[in-house]
Amino acid sequence: MQEHTTIYFKEYTPSPYTVDTCSLEFIIEEASTRVENIMEIRRQDPNAKVLHLNGEMLDLELLWVNDILYSEDMYTKEEDALILPLDCDYARIRIINRIYPDQNTALEGLYRSGGIWCTQNEPEGFRRITYFIDRPDVMSTFTTKIIASKERCPILLSNGNLRGTATLDNGKHLAVWEDPIPKPCYLFALVAGDLGSITDTFTTMSGKKVDLAIYCDRGNEEKCHHAMRSLKKSMEWDENEYGREYDLEVYNIVAVESFNMGAMENKGLNIFNSHYVLADEETATDSDFMGIESVIAHEYFHNWTGNRITCRNWFELTLKEGLTVFRDQCFSADMNSPLTQRLGDVRALRERQFVEDAGPTAHPIKPDHYIEINNFYTATVYEKGAEVIRMMHTVLGREKFRHAMDYYFEKFDAQAVGTEEFLESMQSQSPVDLTQFKRWYSQERTPTLKISSEYRSGAAELVLRVVQMIPKNTKNQEQLPYAMPLRLALLAADGSAYPLKTDDVTLMHEDVVWLENETHEIVFKEIPQRPYLSLNRGFSAPVNVECSELDYPFLMAYERDGFVRFEAAHQFGIETLEAMINGGEVNERYIESYGAVLQDEACDAMFKSQILELPSITTLMQRQTIIDVVSIVKAQEELKRVLAKRYRGVILERIDSLYDPTNTDIDGLSMGKRSLKNRLLGIVMSLGDKSVSALCEKHYYEALSMSERLSALDLLENYAQERASKGLEHFYTLYKHQTLVMNKYFALCASSRRIGTLERVRGLQSDPAYDNKVPNLVRSLIGSFARNPLAFYDNSGEGFTFIADKVIEIDALNPQIASGLAGAFKNYPKLSTEQKILMGCELERIKNHPNLSNNVYEIISKILEACKRERQK
């Protein structure tokens with residue numbers, strides 16, 4: 001049985017030794033790879049006398065210390081470490097070991113993806129390549145020699161700059177790469193294989209030419225051009241916004257099919273999940289194109305926020321990830337629509353992170369303990385971490401935030417630091433003391449602001465009262481009030497904002513109040529009549545807002561802040577649906593307000609599509625004390641039918657005017673039109689009208705855009721099954737040899753609301769296009785089923801059993817992907833008694849499975865512990 005050891009932040013100490021330089025030689029053979037590792041070791045703690053090198057699944061062949069060949073009795077080799085007596089300030093250690101990439105199904109370290117050898121070393125994969133001090137605060141310069149078959153591996157890549165190539169006599173060749181910039185070993189990368197590529201150049205602001213290349217499977221080169229354009233835009237944006245120039249001679253990206261994450265920012269050699277590189281108009285949706293632009297930027301921005309300045313330990317992961325997510329969100333906003341981007345950011349945060357924060361696996365953005373660090377690459381660390389950065393940006397303002405970032409880059413370059421150093425940089429420019437603000441790093445759960453007001457007509461004053469409601473943490477302990485910026489406005493009847501005049505010093509900018517106390521009252525003067533409240537504008541703080549005084553129809557019609565207008569529609573939709581779930585009638589005011597937005601000619605198409613989206617099943621599930629998916633779906637469909645009947649003519653007219661089957665452009669206007677057309681088609685399809693179903697089918701076969709084709713097929717699958725079968729067969733035949741598109745096919749089938757979805761998913765596991773060793777395919781088929789509320793939460797409990805079986809099966813191959821699937825059980829505390837019994841049995845079965853990985857054990861045990869605490873209340 002595997003031991004499940006908890007690692008605590010309080011136990012962190014600097015490494016007693018460091019590695020100044022590392023010279024690696026890889027000889028890649030078909031069955032195995034020989035690794036030679038020469039390290040220059042330096043002692044940092046004068047009292048240290050024993051060197052611990054991390055290593056897992058390595059065959060040690062030879063070991064030298066200061067040119068002395070060590071015999072087995074001179075060191076200790078453990079399952080996960082090599083321990084050497086070392087009582088000197090400097091040492092040269094040479095190691096030869098062998099690894100087996102073909103057997104590496106966990107996809108950590110060096111492994112094969114198809115015919116490509118590639119690496120993934122964050123967070124702790126390098127220890128599966130060779131023995132090393134595998135921790136982020138050990139920063140070394142690397143030189144890498146790769147030797148492989150010239151026929152099988154004509155492309156040999158690693159970090160840094162290419163320093164030489166040579167052809168050898170035995171059909172092999174070599175390449176030598178040198179990275180002059182110190183980095184932790186998690187940023188080491190190697191790629192070898194027969195790859196196609198596209199190339200370009202970028203000239204930096206100092207006039208230096210950088211060679212750019214994107215590598216992929218041969219035949220996919222034409223699908224790399226959007227990624228290349230995105231890379232060049234990212235490089236230019238980072239120079240303009242942050243003054244950050246690229247620091248090597250080359251920048252390479254490699255797309256591989258088998259990859260646990262989205263992408264990896266390895267210095268000078270990014271390795272990407274092919275989903276975030278390959279795209280053309282026929283095979284990629286609009287969201288795919290946007291995602292590629294965002295992720296390409298994210299990994300490039302890591303060059304400074306993550307690589308040049310890295311995190312001291314893995315508890316500090318949000319230092320690089322939260323900051324870089326914020327940077328890529330700002331980039332995407334500048335490249336496209338700021339409002340569309342912001343609404344997308346908030347929607348993703350609520351759908352993923354708010355759910356995580358409310359569940360048994362909730363954790364701060366800077367956790368204080370973990371069993372498996374891979375489990376903390378989460379929406380909390382990334383997206384909530386980005387919102388914490390955004391709040392500081394709001395407090396400082398754009399100019400001072402830039403000055404604070406300059407301070408951070410200049411003072412901490414080439415160092416491994418923590419969030420304290422980042423907050424020091426922010427404090428250098430902040431108008432307020434950020435001491436209390438630090439609680440965002442150490443506390444979990446989502447706070448709620450309960451807001452009320454009192455209007456004093458005689459004094460023409462409005463008293464605004466804000467109460468912070470702070471939930472207890474997962475251990476049922478009390479937590480403290482936060483410090484945060486709250487952006488607000490007081491609106492006149494025409495939607496214009498009154499100037500905010502007050503003697504309260506907590507009004508920081510013209511529309512931002514700084515909250516610190518549990519209860520805060522602020523008096524606004526010279527307000528001639530009772531205003532309409534506009535709260536948390538732009539989503540200035542990642543909180544829930546409760547206020548019974550909000551006039552949703554007014555805000556939907558007159559509010560000029562796009563987020564608040566969207567939020568009014570969203571909350572009004574929630575209110576309407578929850579009343580229907582509880583047996584009430586459809587709210588006529590909501591129907592009228594929805595129609596007003598629908599017919600608002602001045603409203604941007606993409607924004608209209610977003611504001612007309614009904615609240616999701618996930619949103620409504622999280623608001624229920626006991627989850628009842630069937631009641632939610634029933635209410636949603638009834639509301640759609642009411643809207644469709646009332647506005648049928650208008651909707652069909654809009655669909656006709658928006659539809660352009662030959663347009664595959666990815667500009668904002670084109671994407672907005674497609675999005676709105678698809679949204680409206682989804683409303684009228686709820687009627688079950690044969691003429692509308694025929695129209696939907698027509699769109700599927702006519703449209704050249706994958707966004708329209710896939711959306712139409714999804715609607716047919718859920719509303720016109722007699723037409724869907726033919727469409728699915730056509731889609732499969734057309735794309736069965738294109739893995740990225742088959743991911744969409746599997747996801748569509750697994751997300752279906754049809755009866756019998758589980759049996760279809762079981763059957764699709766035998767499809768020739770499916771492979772449970774490819775993470776994207778597992779996420780598309782099994783992961784999509786786990787996220788399908790109707791199927792997964794079926795009263796039979798068969799969905800629970802199926803996912804439990806898959807968690808156990810995949811854990812033996814790839815623990816990281818298995819732990820992601822295990823997250824499907826996070827809603828256990830909110831189930832009915834009957835469903836708790838069914839799911840509880842599966843959770844215990846997983847937990848008790850022999851040789852369960854740390855990854856899965858940590859997730860499952862947290863869920864069970866949370867329920868145990870709940871029962872003990």
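Biologist: In this predicted model, what is the order of the four strands in the open sheet?

Modeller: The order is S10-S11-S16-S13, and the pairing is antiparallel.

Biologist: Why is one side of strand S10 and of strand S13 left without a neighbour in the sheet?

Modeller: S10 (109–113) and S13 (155–158) stand at the edges, and each has a single partner strand, so one side of each remains without a neighbour. From one strand to the next, the twist averages 15°.

Biologist: What makes S10 and S11 a pair?

Modeller: Pairing requires at least two bridges between the strands. Five bridges join S10 to S11 (residues 116–120), and the two run antiparallel; therefore they count as paired. Tyr 111 stands opposite Cys 118 in S11.

Biologist: Why is helix H16 called roughly parallel to helix H18?

Modeller: The axes of H16 (residues 706–719) and H18 (residues 739–750) cross at roughly 25° and come within 11 Å. Angles under 35 degrees count as roughly parallel, so H16 is roughly parallel to H18. The crossing of these helices is right-handed.

Biologist: Which residues make the contact between H16 and H18?

Modeller: H16 contributes Met 706, Leu 710, Leu 713, Asp 714 and Glu 717, while H18 contributes Val 741, Lys 744 and Leu 748.

Biologist: How many residues of each class does the contact of H16 with H18 have?

Modeller: The contact has five nonpolar residues, three charged residues and no polar ones. Met, Leu and Val count as nonpolar, whereas Asp, Glu and Lys count as charged. Asp 714, Glu 717 and Lys 744 are therefore charged residues of this contact.

Terms used. Residues numbered from 1 in each chain as written. Predicted model: local features only at pLDDT ≥ 70, side-chain atom pairs only at ≥ 80, totals over all residues. Heavy atoms only, no water. Axes fitted to C-alpha atoms, helices over the stretch in contact; angles between N-to-C directions. Parallel < 35°, antiparallel > 145°, perpendicular 65-115°, else oblique. Left-handed = near helix turned anticlockwise from the far one by under 90°. Contact = heavy atoms within 4.5 Å.
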